[in-house]
Amino acid sequence: YSGHHDLSTAFWYRDFLLASLLNTVQLIKNSKRVSKEFIYNPQLRGIFGKQNGNKEVENETITDDELQEDIDAMIIGLKRSLCRGIVRFITALNQAEMVKKRTFEFTSFEKRFQKQFEPFLALAQPPPLSYDDFREGSDFSNVSQADLLSSTSDCFKKCKEMVDNISNQMNTIDKRYSTLNKEELLGLTKTCVGNSVFLMKLTQQVCGNGKAKGEVEFDFKNNNQFCTIKMN
């Protein structure tokens, strides 16, 4: 990436993609649940008893596959919350004047956005987003600094809660079914906690005149997909 603005647009767009993915996953889960209820519901089996010969069905049990599907949905939700938190954190840095918006001579932010997400134009679903969508969806100009910092903090707190929940759920399934190993989960945990710590540092610095000083670093060491925003 070439700057905080590119990171902000990337995480903003990924938030949208993850939301679409989560909706699809939930639809599939609901469809499976309805089918399973039909199989194990005595009244429904009675209606169609002639078709299945009124055979007894074993008690309903939750399989490792179903548990992993639940965990996968939580992981998608976690990643989406991280995206939202990072976008808001970068916006808070803008408000505190710790990062500066770049200027271009031969291009523009809109053209860079169009080129950056051009591959998604080939997809029918989810529908591609425009630069106007980004400007509208990432506009926090009417949000006070205190409210923005508070909502950003809430995002990372929610992420930490989701990480803890995922960790507990992963202990209940066979490791062979897991799509996330302990090292990756630890990296996500460090990213959530790290962003919370440095956001608190920013909050303390802007208590006076709303401005903060220092250098900003976007660190991907804990996780190669999500950054920890550090202030030096």
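I looked up burial: 36% of the 232 residues in the chain are buried, where buried means under 20% relative accessible area with a 1.4 Å probe and protein chains only. The model is predicted, local features need pLDDT of at least 70, side-chain atom pairs count only at pLDDT 80 or more, and totals for chains, interfaces and linings use all residues. Residues are numbered from 1 along each chain as its sequence is written, and side-chain values use heavy atoms, with hydrogens and water left out.

I then listed the elements. The chain holds 8 helices and 2 strands; these are DSSP runs (helices H or I, at least four residues; strands E, at least two) numbered from the N terminus. Their order from the N terminus is α-α-α-α-α-α-α-α-β-β.

Next I examined Thr 91. Is Thr 91 buried or exposed? Thr 91 has a relative accessible area of 14%, so it is buried. I placed Thr 91 in helix H4 (residues 64–95). Leaving aside neighbours within four places in sequence, I found Thr 91 in contact (heavy atoms within 4.5 Å) with Phe 140 and Leu 148.

Finally I checked H4 against helix H7 (residues 145–170): their axes come within 9 Å and cross at roughly 155°. Therefore H4 is roughly antiparallel to H7, the term for angles over 145 degrees. I took the axes as lines fitted to C-alpha atoms over the stretch in contact, with angles running from 0 to 180 degrees between N-to-C directions. The residues of this contact divide into 17 nonpolar, 10 polar and 3 charged; Asp, Glu, Lys and Arg count as charged, Ala, Val, Leu, Ile, Met, Phe, Trp, Tyr, Cys and Pro as nonpolar, and the others as polar.

Definitions and conventions
Buried < 20%, exposed > 50% of the residue type's maximum accessible area, 1.4 Å probe, protein only. Parallel < 35°, antiparallel > 145°, perpendicular 65-115°, else oblique.
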